[in-house]
Amino acid sequence: MRSIGFFVLALIQFNLVSADAEHFYASPAYETGDLGGWPQQLYKSSPVIGPVLNYMQKSEQCYSHGGYTMITPRGNSVPMPGPMIVDDRGNLVWTKNYGRAYDLKVQQYRGEDYLTFWIGKEIDGYGNGSHYMLDSSYREAYMINGSNGQAADFHEFRITNDDTAIFTVYRVVQADLSSLGGPNKGYLLDCGFQEIDVEAQSLLFEWWASDHFTIDEAYQSLQGSGTNEEMAWDWFHINSVDKHPSGNYLVSSRFLKCLAYINATAGDIIWKLGGKHNMFTDLSDGGATNISWQHDARFQDNGAAITLFDNAARGINSSAAAPDDNISRGLYLDVDVEELVAKVRHSYWSSQGIISISQGSIQVLENENRVITSSLKEIKCMLAGMAQPKSRPGSWKVQKI
């Protein structure tokens, strides 16, 4: 159990503060931007600038565990971007001005909790940067970079049960795009992932999509891209990687609208769920395999289930062949990977009918609640099908004294 002294030190070093302003509740003015692009909180005790959140729906059930929510607000309206922790009432607990951050979460490495997040340069849908691991004193314990000259991308950073780190990487490669009406000496924005030893920063495994998938599986059209390195065609767009207890990998391809199970030895494809070459029998009349533009695919129940955020939309200005406005959902799928059978255990829909054309996640909490996030302003907790504000319970606590 951590001492009070540790938390006093954290308060002094990082100016943890208590908020003076109350958050909003179902405020139409907040949603329309009448209160500004990013309503903010100033403090007498600190120069940091915190968020003022708008909770669309709330329940005391979401406040009973005293957990905290990790957020990484960014955009031109955010004056001091960076990783942030807020309590279950929306009050800022901790932040540090790292600049625009992605994917803040708590992960365990060698039995200890770490805050992990990405910092770097955003390049038209992917990233060139590093992943940070902060220990329980908020000190930078590790900074993870890519191997073989590759920069770490922001879509994924996962500490495995083997105490290794997996993260996504992007690169430009030359390819024949003539079958799709492009140049025969065209350019792909290829993507994949690396697994490394955290301590030694040495490469353990590397996988690239172009080695195992064909470009005709993509739903993303060329639309003039692929003609040079600066306009390389983003055809696959990897956005999550998870590791099965067996050691194999689960990859989510946004632009192929599918999940793929990857052999950990040669990188070969074992099966595909969704997309043009779906291999699963769907016991939910298409509800388990008609995923599109999805994110955050994770194994659950020791590999017997998968959760994911099904965006289901790309927006009216999308370069997809058939843009739509389908409502996004969280999905909990039961999967039999031997018989290749899938069915929907639960679907989670926002009461606001959110259409998330980019990003999103689903998290299974220790108390069996679900946290569903989208690219909109709301942070959702799903309780019995209702959207509620909620934070993550767990061992990462910052006590108020």
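Trainee: Over how many bridges do strand E18 (residues 258–262) and E19 pair?
Mentor: Quick heads-up: this is a predicted model, where local features need pLDDT of at least 70, side-chain atom pairs count only at pLDDT 80 or more, and totals for chains, interfaces and linings use all residues. Residues are numbered from 1 along each chain as its sequence is written, and side-chain values use heavy atoms, with hydrogens and water left out. Two strands pair if DSSP finds at least two bridges between them. E18 and E19 run in the antiparallel sense, and their pairing covers 5 bridges.

Trainee: What is the strand order of the open sheet of 4 strands?
Mentor: Strand E16 (238–243) and strand E19 (269–274) are the edges, since each pairs on one side only. The pairing is antiparallel, and the order is E16-E17-E18-E19.

Trainee: How many strands does the chain have?
Mentor: Helices (H or I, at least four residues) and strands (E, at least two) are DSSP runs, numbered from the N terminus. The chain has 2 helices, and its strands number 28.

Trainee: What share of the 401 residues is buried?
Mentor: Buried means under 20% relative accessible area, exposed over 50%, and partly exposed in between (1.4 Å probe, protein chains only). Cys191 is buried at 0%, and so is Cys258, at 2%. Across the chain, the buried share is 56%.

Trainee: How many disulfides does the structure hold?
Mentor: A disulfide is a pair of cysteine sulfur atoms within 2.5 Å. The count for this structure is 0.

Trainee: How many aromatic pairs are there, and is the Phe193 and Phe205 pair stacked, tilted or edge-to-face?
Mentor: Rings of Phe, Tyr and Trp (its six-membered ring) pair if their centres lie within 6.5 Å; planes under 30 degrees apart count as stacked, over 60 as edge-to-face and the rest as tilted. The structure holds 24 such pairs. Phe193 and Phe205 lie 5.9 Å apart centre to centre with 35° between the planes, which makes the pair tilted.

Trainee: Which strand holds Phe205?
Mentor: Phe193, its ring partner, sits in strand E14 (residues 186–197), 12 residues away in the chain. Both are buried: Phe193 has a relative accessible area of 0%, and Phe205 has 11%. Phe205 belongs to strand E15 (residues 202–208).

Trainee: What is the angle between the planes of Tyr261 and Phe299?
Mentor: Tyr261 is in strand E18 and Phe299 in strand E21 (residues 295–300), 38 residues apart. Both count as buried, Tyr261 at 7% relative accessibility and Phe299 at 10%. Their rings are 5.9 Å apart centre to centre in an edge-to-face pair, with an angle of 80°.

Trainee: What is the phi of Leu340?
Mentor: Most residues other than glycine have a negative phi. Leu340 lies in the loop between strand E23 (329–336) and strand E24 (341–348), and is buried with a relative accessible area of 19%. Its phi is positive, near 55°.

Trainee: Where is Glu368 found?
Mentor: Glu368 is not a glycine, but has a positive phi of about 75°. Its spot is the loop between strand E25 (361–364) and strand E26 (370–373).
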